Amino acid sequence: MVALITMDSIDQHWVTLNEGAQKAAKELGVTVQFMAPNTKDDAQQIECVNNAVSAGAKAIIVAANGPDAISSALKEAQSSGVKIVYVDSPANVEAEATFSTDNKAAGKAAGGEMLKALKDAGVTSGSIGIINVNAATDSCVMREEGFRSAFEGSGFTLLETQYGEGDAAKSQSIAENYITQGVVGIFGCNEGSTTGAGNAIKASGKDGIIGVGFDKSDAILGLIDDGYLLCIMAQNPDVMGSKGVEACVKALEGEALGGAVTDTGVSVLKK
C-alpha cells in the first residue's frame, strides 16, 4: 500500500492530485490510500504520516504543509523502511524524488501578467497586496518570492504579506482590507487565497483592481469568466499524483531515483 498525504482533502488541487494518483495506481496494480487531513494543520499531517506507517504503508507520497514540522515523522518512517516521494511541496528530508511546479518561475510569471495588465490600463504606480497561506509552505513561499521579483525596479509598492491559511473566507477578509487601503492589484498564492481575492474584488464593485492567483477550481474559473480575476497559474496536480505513484513503484522495486526534482509545468489561464 502507498499512502498519499496532501495538505488537505478539500482544495480541488489535492482532489485532482489524488485522481491522478489513483489512475496510475490502477494501471500499475497498486493500492493508493488518500489520507489527507481536513484542514492545513501540521499536527494532523504528522498524525497522517504515523497512521500510514502503522497501517503498513510501504511508501508515502507527501505534500508537506511546512518543511520542518513534518520532518521528524518522515525520518521515523524512513528508518522503518518506508520510501518517501514529494509532490507539490517538499520537507527538509531527503526523498526518492520530487514532482512539483517550478514555483519561483511560476510566481514571477504571475507577477509579469499583473504588471502587463496594469501598464496596459495606464497604471504605473500603486500598492499591491499579497495573500499567502503561511510563512512556511515551501511552494507558496517560492511563488511569493517569484511574484515580488517581477516588480523589482517598477513604480509599484508591494505591501506586507498577509496570511489566510489557504482559507477562502479568511483570504476574502484580508483582500477586503487591502481594497480599503486602495490597492491596484492582489495576488493569491494558492486556491483558497485566490478565491478569497476574487470574491473580495467582486464584492467591492470596483473596476480596475487586478487579481492574479494560483490553481484551478470551478469557483476560480467562474471569477475569471466574470472578469473579477485576470488570470491564474494552473498547475498540473494530476501529473504530480501519477508521477508520484510511478516513482514509489520504481523505488520499491529497488530502482535508485537519486532524489531527482521534476518540474510538472504550469500554464496561464485567462478569460
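**Burial and overall form**

Reply: In this predicted model, Ser 193 has a relative accessibility of 0% and is therefore classed as buried.

Me: In which helix does Ser 193 lie, and which residues does Ser 193 touch?

Reply: Ser 193 falls within the run of residues 191-204, which is helix H7. Leaving aside residues up to four places away in sequence, the contacts of Ser 193 are Ile 131, Asn 132, Val 133, Ser 171 and Gly 188.

Me: What percentage of the residues in the protein is buried?

Reply: A residue counts as buried when its relative accessible area is under 20%. Among the 271 residues of the protein, the buried share is 51%.

Me: How many helices and strands are there in the protein, and why is the protein as compact as a globular protein of that length?

Reply: The protein contains nine helices and 13 strands. For 271 residues the globule rule gives 18 Å, and the protein is as compact as a globular protein of that length because its radius of gyration is close to that, at 19 Å.

Me: What percentage of contacts between residues at least 6 apart in sequence joins residues at least 24 apart?

Reply: A contact requires heavy atoms within 4.5 Å. Of the contacts in the protein between residues at least 6 apart in sequence, the share that joins residues at least 24 apart is 72%.

Me: How far apart do the centres of the positive and negative side chains lie?

Reply: The protein carries 34 negative and 20 positive side chains. The distance between the centres of these two sets is 5 Å.

Definitions and conventions: Residues are numbered from 1 along each chain as its sequence is written. This is a predicted model: local features need pLDDT of at least 70, side-chain atom pairs count only at pLDDT 80 or more; totals for chains, interfaces and linings use all residues. Side-chain values use heavy atoms; hydrogens and water are left out. Helices (H or I, at least four residues) and strands (E, at least two) are DSSP runs, numbered from the N terminus. The radius of gyration is taken over C-alpha atoms; the globule rule is 2.2 Å times the number of residues to the power 0.38. Buried means under 20% relative accessible area, exposed over 50%, partly exposed in between (1.4 Å probe, protein chains only). Lys and Arg count as positive and Asp and Glu as negative; His and the chain ends are not counted. The place of a charge is taken as NZ of Lys, CZ of Arg, CG of Asp or CD of Glu.
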